Amino acid sequence: MPKTKFPAVLSTFLLCFCFWILLTWSFETQELAAGAVVSLAAALLSARFFIHEKAFWLFNPAKFGALFAYVFVFLGELIKANVDVAKRCFGGCTDVNPGIVKVPVDLKGDYARAMLANSITLTPGTITMDIAEQDGKTYYYIHWIDVCETDREKAGEIIKGRMEKWVRRIWQ
Amino acid sequence: MALRIVIDVLVAVGFIFALAGTKGILKMPDTFCRMQASTCVTTLGVLGVVLGGALYAFCIMGSVSTGVKVLLIGLLLITINPVGAHAIAKGAYKNGIRPDKEMEIDDYRGDFE
Amino acid sequence: MSDVIELLIFAVAYAFLAALNFYRLMKGPTPADRMVAGDSMDVLVCCAMVLYSLFSGRGIYLDIAIICAMLGIVDTMLVARYLEKERGA
């Protein structure tokens with residue numbers, strides 16, 4: 001079990017406290033004190049589970065800018081894929097050609113992999129089913145609603161699009 | 001007045017995508033394709049309502065706390081739902097649920113068994 | 001109460017979509033089908049609650065929607081984990 005570190009506790013505490021303020025939306029001293037106590041307890045108990053690497057990576061203008069730009073890149077991909085799937089749904093639902101493709105991914109770190117997998121799942125038409133590591137390489141198993149390319153590398157290019165480049169820029 | 005039209009258009013676009021996703025869930029041929037259709041509901045269907053609602057809360061109601069809460073609900077739904085979709089897809093495949101028609105390419109079967 | 005009647009109309013429409021998903025929840029041949037339908041019902045009900053809260057101006061529905069969104073993932077994960085361990089339907 002990993003040890004509890006101070007920056008991890010501090011960042012988790014700040015996150016919990018912001019959440020508390022958003023939910024209660026009152027700035028009396030009593031409410032704030034109660035929130036601080038509760039979020040400190042939550043941070044002490046749970047910080048070691050979800051922060052393994054650097055806690056304050058976002059306090060870096062280049063990475064924050066990349067994250068901000070990624071939101072718009074991702075929204076573009078999202079709208080394109082949504083229109084595509086909506087057309088299939090309204091067009092009688094028979095125009096599907098499903099399959100599961102194994103796609104190589106070149107990313108380091110758990111957070112980056114999880115972020116790319118979630119982005120792929122969130123685009124309609126593709127769902128990440130599993131992540132496997134073989135011979136030092138990472139592979140995603142992706143269920144794809146319209147398999148138009150059975151070669152793994154090219155399919156990966158089509159599925160990931162511009163997202164992989166941006167995710168790598170955020171986390172490195 | 002123009003603001004209200006913008007809000008209506010946002011919510012209506014969200015509703016159209018939610019309708020498409022619901023039709024997909026009812027009509028798609030196999031389990032995994034239904035999952036694909038359900039992500040249509042959870043992305044743009046939510047995003048339209050959340051953006052329109054936040055605009056309404058900030059600009060017409062003038063209540064910051066309501067707007068922030070609406071945005072929070074959107075963020076929560078959008079960041080949390082892919083995890084559930086991924087878990088359900090993996091669980092369904094490992095449980096032995098397969099589509100009726102043979103799939104075009106199935107890399108998972110060979111590596112998993 | 002406010003004069004933006006279209007929010008109420010959209011809230012009712014979203015609730016109607018959730019009711020349509022109930023068909024798949026009842027019929028779905030496999031547990032995964034039922035779970036997908038239940039998950040999207042959860043999301044649609046959240047959206048309907050947000051719209052109704054904005055229409056009526058009562059903040060309590062938003063808190064309920066947040067709790068609804070949080071609990072929706074818990075039952076999905078629970079059923080998914082169960083399916084993963086239980087082989088062969």
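Helix α3 (residues 64-94) of chain B packs against helix α2 (residues 31-56) of chain C at an angle of about 175°, with the axes 11 Å apart. The two helices therefore count as roughly antiparallel. Axes are lines fitted to C-alpha atoms, for helices over the stretch in contact, and angles run from 0 to 180 degrees between N-to-C directions. Helices are DSSP runs of H or I with at least four residues, numbered from the N terminus.

This is a predicted model: local features need pLDDT of at least 70, side-chain atom pairs count only at pLDDT 80 or more, and totals for chains, interfaces and linings use all residues. Residues are numbered from 1 along each chain as its sequence is written, while chains are lettered from A and ligands numbered from 1 in the order written.

On the α3(B) side, the meeting residues include Val70(B), Ile73(B) and Leu77(B). Among their counterparts in α2(C) are Met35(C), Val36(C) and Asp39(C). Contact here means C-beta atoms, placed from the backbone, within 7 Å.

α3(B) also packs against α3(C), at an angle of about 10°. These two helices are therefore roughly parallel.

| Helix pair | Angle | Axis distance |
|---|---|---|
| α3(B) and α2(C) | about 175° | 11 Å |
| α3(B) and α3(C) | about 10° | 8 Å |

The contact between the chains takes 41 residues from chain C and 40 residues from chain B. On chain C, α1 (5-27), α2 and α3 (60-85) each give two or more residues. The largest share of that side, 14 residues, comes from α2(C). By class, the chain C side has 27 nonpolar, six polar and eight charged residues. Ala, Val, Leu, Ile, Met, Phe, Trp, Tyr, Cys and Pro count as nonpolar, Asp, Glu, Lys and Arg as charged, and the others, Gly among them, as polar.

In chain A, helix α3 (residues 61-90) has 30 residues and should span 44 Å at 1.5 Å a residue; its end C-alpha atoms are 43 Å apart, which agrees. The expected span is 1.5 Å times one less than the number of residues. Buried residues of α3(A) include Ala81(A), Asn82(A) and Arg88(A). Buried means 20 or more other C-beta atoms within 10 Å of a residue's own, with C-beta atoms placed from the backbone. The buried residues of α3(A) pack against α1 (2-27) and α2 (31-61) of chain B. Just after α3(A), Gly92(A) takes a positive phi of about 95°.

Terms used: Angles under 35 degrees count as roughly parallel, over 145 as roughly antiparallel, 65 to 115 as roughly perpendicular and the rest as oblique. Two residues are in contact if their C-beta atoms, placed from the backbone, lie within 7 Å. A residue is buried if 20 or more other C-beta atoms lie within 10 Å of its own, exposed if 12 or fewer, and partly exposed in between; C-beta atoms are placed from the backbone.
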